Amino acid sequence: MNRQAKGKTIKYFDYTLLFLIIFLVGFGLVMLYSVSAYEAQSEFGDATYYLRHQARNIAIGLVLMFLLSRIPYQWWKKAGPPVYLIAFVLCAAVIFVGSDANGSTRWLQVGPISFQPSEIAKIAVIIYLAAVLSKMPKQIRNFRTVVKVLIRVVPIIAVIAYSDLSTAIIIAGICILMLFVASPKYSHFFVLAVLVVAAAAVFILTQSYRSDRILAWLHPEDYPDDAYQTLQGLYAIGSGGLFGKGLGASIQKLGYVPEAQNDFIFTIICEELGLFGAICVILLFVLMIWRFMVISNNASDLFGALVVVGVMSHISLQVILNLAVVTNTIPNTGVILPFISYGGSSMIFLLAEMGLVLSVSRGIRLDEDYPE
């Protein structure tokens, strides 16, 4: 925080949030190398393969974060609709010309560059919805208005759900939480909750493999093939004890937990660093959410506050869903742990979101008298 003379405006910047971002990213690199070195050596003959790619993605993301933190966030209010439209077109393109990887069609290939449009959709929906809601702060108390706002984002959620249900759930959750914060009437959301649960049930029952996931979740021991990753992850968590086996000493990462560097990296953290390390990681995310709340409460306008609420909703939902999956609290949904799991598009656009939040924090002005 830069303080000017007594009685004048104080320019603010959230260095605490910046430190948390850098610390989580750094910790993530350490854990990623520990988790992925064996598999990278086996598959690619290079133990640093995943580490190098993640470092490159982080470098791109940090540059994008810095640039966005310097751009006045109010500019995105006007850019919200075109950004949303671009994201929708890219997500729709995945259905027709998407690239396949690990049995899922979620990527677009543009020359040598491959990316997930659904990651762009997260930030696009946050900006667009914040712009829409900031223009109707009084009308949002009407349930009809809530429905109208939701209808605007249903198309992109439906398009994403076609090939990536977990991301669609996260984006739907972001929208509902942003509406929940913006609306003074909470009774509306009981109705919405029932509708969302009903829609999710129908969507699950329309595909047999989704029903199989539910059965594998309820009775993992009866479905050893479908629940293999979950069972191995639980073994890793259970074997870590209070303080873990030590950094780099995991057994489960040696081919037992499939794709451990992605969705199930938290299980290896538990095995190597124990319950103590797991709690520390969770506390870091709690601190980050606290900083989001501070920035949102002090934002200079409603648009900025809602942008931060959207990002906070995204991080919160993704962390909760990832931890719930690896502990078998909910069925496996393929959600990565922010800042720590291996990912290209996800890491880049996650850091871009942090740039938006830091831009909002830079716009805070505190008018207080400080002693000279």
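A cavity is a set of grid points where a 1.4 Å probe fits but cannot get out. In this predicted model, a search of the whole structure turns up 2 cavities of 30 Å³ or more.

The largest cavity is lined by C91, V94, R106, P117, S118, V159, I160, S163 and D164. Helices α3 (75-97), α4 and α5 (143-161) are the elements that give two or more residues to this lining. Sorted by class, the lining of the largest cavity consists of 5 nonpolar, 2 polar and 2 charged residues.

Helix α4 covers residues 117-134, which is 18 residues. From the first C-alpha of α4 to the last the reach is 25 Å, close to the 26 Å expected at 1.5 Å a residue. Because 18 of the 18 residues of α4 are buried, the helix is largely enclosed by the rest of the structure. Buried here means under 20% relative accessible area.

Helices α3 and α4 also take part in an open space, the second largest pocket. Together with α2 (49-70) and α12 (345-362), each of them supplies at least two residues of the lining of that pocket. The second largest pocket has a volume of about 230 Å³. Its lining has 14 residues, and those closest to the centre of the pocket are W76, V83, I120, I123 and F349. The largest share of this lining, 5 residues, comes from α3. By class, the lining of the second largest pocket has 14 nonpolar residues, with no polar and no charged ones.

The second largest cavity has another set of residues around it. I336, L337, P338, F339, S341, Y342, G343, S346, M347 and L350 form its lining. By class these are 7 nonpolar and 3 polar residues, with no charged residue.

I336, from this lining, sits in the loop between α11 and α12. With a relative accessible area of 17%, I336 falls under the 20% limit and therefore counts as buried. Apart from its neighbours within four places in sequence, I336 is in contact with N262, D263, Q318, N322, S341 and S346. I336 and D164 are 172 residues apart in sequence and 13 Å apart in space, C-alpha to C-alpha.

N262, a contact of I336, is located in the loop between α9 (228-240) and α10 (265-298). N262 has 16% relative accessibility, so it counts as buried. Not counting residues up to four places away in sequence, N262 touches I336, S341 and Y342. I336, S341 and Y342 are among the residues that line the second largest cavity.

Helix α11 is mostly covered, with 22 of its 25 residues buried. Just after α11, N328 takes a positive phi of about 60°.

The next subject is the nonpolar core. The largest nonpolar core has 105 residues, and the ones with the most contacts inside it are I21, F292, I315 and F339.

The last stop is helix α1 (residues 15-44), where F27 lies. F27 has 18% relative accessibility, so this residue counts as buried. Beyond its neighbours within four places in sequence, F27 is in contact with I269, L273, V281 and I340. As for S187, 160 residues from F27 along the chain, the C-alpha atoms of the two residues are separated by 41 Å.

How values were computed. Residues numbered from 1 in each chain as written. Predicted model: local features only at pLDDT ≥ 70, side-chain atom pairs only at ≥ 80, totals over all residues. Heavy atoms only, no water. Helix = DSSP H or I, 4+ residues; strand = E, 2+ residues; numbered from the N terminus. Expected span 1.5 Å × (residues − 1). Buried < 20%, exposed > 50% of the residue type's maximum accessible area, 1.4 Å probe, protein only. 1 Å grid on protein atoms, 1.4 Å probe; cavity = no way out; pocket = protein on both sides within 12 Å on 5 of 7 lines; lining within 4 Å. Points joined across faces, edges and corners; volume = space filled by probe spheres on them. Nonpolar A, V, L, I, M, F, W, Y, C, P; charged D, E, K, R; others polar. Contact = heavy atoms within 4.5 Å. Core = buried A, V, L, I, M, F, W, Y, C linked by side-chain atoms within 4.5 Å.
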